[in-house]
Amino acid sequence: MEEVLSVLHVVGAVFIVGPLAILPMTAMRALRAGQGTQVAVLARSTFVYTLLSLIVAVLGFGILGVSDEQDTSVTTPWVLISIILYVVALALTLLAVIPAMRSAAEHLATGHLTTGQQPAPTGNQLTKPDYRRIAVGSGVTTLLLVAVVVLMTWKPGGS
């Protein structure tokens with residue numbers, strides 16, 4: 001059973017978490033091109049992949065539950081650090097990256113600030129703050145996810 005869960009965990013990491021890390025970067029390209037509809041679609045897709053990434057986490061907990069290794073648990077340092085980094089990446093994506101993508105799509109669609117009080121500048125200036133939030137947030141998220149992969153494969157001090 002452990003092998004099956006491990007395979008599902010790795011496959012999920014590749015096909016769910018991989019796109020989660022890449023989609024915001026694709027949105028930045030669409031944002032530069034002024035494709036608001038595409039940015040909105042990528043924001044929805046990023047949201048869905050973020051929620052789907054919880055399956056990968058659940059599979060990881062399942063592996064811990066059926067593991068033959070007695071010394072590996074949630075309190076094992078590399079496991080605990082991986083969980084914390086994943087939760088931070090998840091929160092950053094849900095609370096910063098996706099809202100910035102949605103905001104950028106709205107700015108491109110309406111040509112106005114989200115408050116609707118005054119017309120926004122056109123072109124790149126229209127979405128510059130959103131672009132920065134997407135770039136920084138998705139960059140940090142990707143680094144956190146890479147750190148999780150390193151910890152999962154290296155297992156420092158573990159088996």
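Author: Start with contact, which means heavy atoms within 4.5 Å. Leaving aside neighbours within four places in sequence, serine 138 is in contact with Pro24, Met25, Val97 and Arg133. This is a predicted model, in which local features need pLDDT of at least 70, side-chain atom pairs count only at pLDDT 80 or more, and totals for chains, interfaces and linings use all residues. Residues are numbered from 1 along each chain as its sequence is written, and side-chain values use heavy atoms, with hydrogens and water left out.

Reader: Where is serine 138 placed?

Author: Helices (H or I, at least four residues) and strands (E, at least two) are DSSP runs, numbered from the N terminus. Serine 138 lies in helix α4, residues 124–154. The protein chain has four helices and zero strands, in the order α-α-α-α from the N terminus on.

Reader: Is serine 138 buried or exposed?

Author: Buried means under 20% relative accessible area, exposed over 50%, and partly exposed in between (1.4 Å probe, protein chains only). Serine 138 has a relative accessible area of 3%, so the residue is buried. Valine 48, in helix α2 (residues 36–66), counts as partly exposed because its relative accessibility is 44%. Of the 159 residues in the protein chain, 35% are buried.

Reader: Which backbone oxygen does the side chain of serine 138 reach?

Author: A polar contact is a pair of N or O atoms within 3.5 Å; within protein, one must be able to donate a hydrogen and the other to accept it, and residues adjacent in sequence count only if both atoms are side-chain atoms. The serine 138 side chain reaches the backbone oxygen of isoleucine 134 at 2.7 Å.

Reader: Which residues touch the most other members of the largest nonpolar core?

Author: In soluble globular proteins, nonpolar side chains tend to be buried together. A nonpolar core is a set of buried Ala, Val, Leu, Ile, Met, Phe, Trp, Tyr and Cys residues joined through side-chain atoms within 4.5 Å. In the largest one, of 15 residues, Leu85 and Leu145 touch the most other members. Two or more residues come from each of α1 (2–32), α3 (77–110) and α4, and α3 gives the most, with six. Not counting residues up to four places away in sequence, leucine 85 touches Leu144, Ala147, Val148 and Leu151.

Reader: Which residues does the second, separate core include?

Author: Among its 14 residues are Met28, Ala30, Val97 and Met101. Val97 is also one of the contacts of serine 138.
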